[in-house]
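Thanks for coming. Please have the structure open while I talk.

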Amino acid sequence: MIRRRYFFLLSGIYETLPRAELRAVLEVLDPGHKLVGEYSRIVVAETLEEVAREVVYRTAYTKLAGEFLLRCKTDEEDILKSIKQIDLREFVDSEVEKIAVRGIRLEGVGLRKLKLEASIGEHILNEIPGLRVDLEKPDLTMIFVAQPEVTVVGKLLEVKPRHFFDERVAGRRPFSLPSTMQPDFSRAMVNLARVGIGGRILDPFAGACGIMIEALLLGYEVYGVELKDWIALGGLENLKRYARGREFMIVGDARRPTFRKELFDAIVTDPPYGRSTTIPDKSIKNLLIEFFEVAAELLVSRGRIVLAVPSELDLMELIAGTGLKVRESHLAKVHRSLTRRVVVLES
């Protein structure tokens with residue numbers, strides 16, 4: 001197995017969450033990987049090709065992956081000059097007959113994209129006779145991603161389909177709640193838990209089962225607990241739609257779990273905030289304090305809890321004395337009145 005350099009283009013929807021998710025997934029898929037560069041929305045890592053490809057589909061916020069060729073200043077002349085200094089025959093496989101060149105401009109970069117694509121394509125055809133351009137079905141697509149300071153050039157490997165999550169968005173599920181988390185955010189939370197594929201995950205506030213669905217689709221064994229039976233039944237309908245045969249849902253209280261100790265590798269959950277839901281004891285603080293008292297016992301050694309809470313909540317106060325420690329934290333604005341804080345706790 002040969003590790004090479006690959007670059008990943010991240011979504012710009014949140015400031016820190018996409019990069020954290022990418023790191024977590026790389027840790028799971030390839031513990032021997034090495035991060036070699038981070039340039040705003042571009043991350044470069046040494047890893048295996050099959051891992052680089054899988055990252056695009058496993059993550060929520062990685063838009064594409066490519067084999068890294070070079071990094072240069074974001075300037076048309078410098079980009080073309082840098083490409084001309086590379087022996088492209090080492091980069092283009094012998095079976096390649098048709099090529100395309102694509103460019104992506106981020107954050108208002110003013111490059112003349114079409115002209116630069118044409119210039120790069122012309123250079124490749126001159127360097128490797130016998131190739132031809134095919135923009136519809138190329139054997140190889142050269143791509144440059146231009147940010148204000150840095151441009152990365154490489155060979156495109158995988159692109160996340162544009163409508164990747166559409167089938168599972170909250171409004172298209174059989175059952176939904178006003179507070180239902182969307183599938184991309186749920187998937188990112190599951191990935192932050194860094195559980196090896198096939199591991200066991202618990203969602204003790206399962207609701208409409210959005211987190212459970214994404215975890216099941218990622219290959220985990222997942223269990224859910226929901227206090228209200230009518231919500232649990234609705235969640236079951238969702239599970240039957242997207243993960244039939246793996247509907248492990250219990251009607252119960254997250255503060256009084258029925259599971260044995262050290263059963264789960266991680267807990268991933270979105271507890272009720274009290275804005276559009278009714279929470280036990282009318283207080284998210286009381287609810288979480290009681291939950292944390294029992295949650296750590298359910299986890300294996302160094303197991304993790306990933307949860308989303310309102311940003312104003314003082315989580316350090318709530319986990320005092322539980323043995324849990326904050327590993328990382330990320331802010332994600334939902335709308336004007338709610339900013340979530342996604343927190344990763346470790347036992």
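Three strands, β4 (62-73), β5 (98-105) and β8 (150-159), each supply at least two residues of the lining of the second largest pocket. Strands here are DSSP runs of E, at least two residues long, and helices are runs of H or I, at least four residues, numbered from the N terminus. This is a predicted model, where local features need pLDDT of at least 70 and side-chain atom pairs count only at pLDDT 80 or more, while totals for chains, interfaces and linings use all residues. Residues are numbered from 1 along each chain as its sequence is written, and side-chain values use heavy atoms, with hydrogens and water left out.

Back to the pocket. Its lining has 22 residues, and Lys-63, Val-159, Lys-160, Pro-161 and Arg-162 lie nearest the centre. A pocket is an open set of points on a 1 Å grid over the protein atoms alone, where a 1.4 Å probe fits, with protein on both sides within 12 Å along at least five of seven lines; lining residues have an atom within 4 Å of a point.

Now the sheet. Seven strands form an open sheet with mixed pairing, in the order β11-β10-β9-β12-β13-β15-β14. The edge strands, β11 (249-251) and β14, each pair on one side only. Pairing requires at least two DSSP bridges between two strands.

At one end, β14 (residues 325-335) and β15 (residues 338-346) are antiparallel over 9 bridges. They form a hairpin with 2 residues between them, and Leu-331 has Arg-341 in β15 as its bridge partner.

Elsewhere, β9 (residues 200-203) and β10 (residues 221-226) run parallel, joined by 4 bridges. There, Asp-203 stands opposite Gly-224 in β10.
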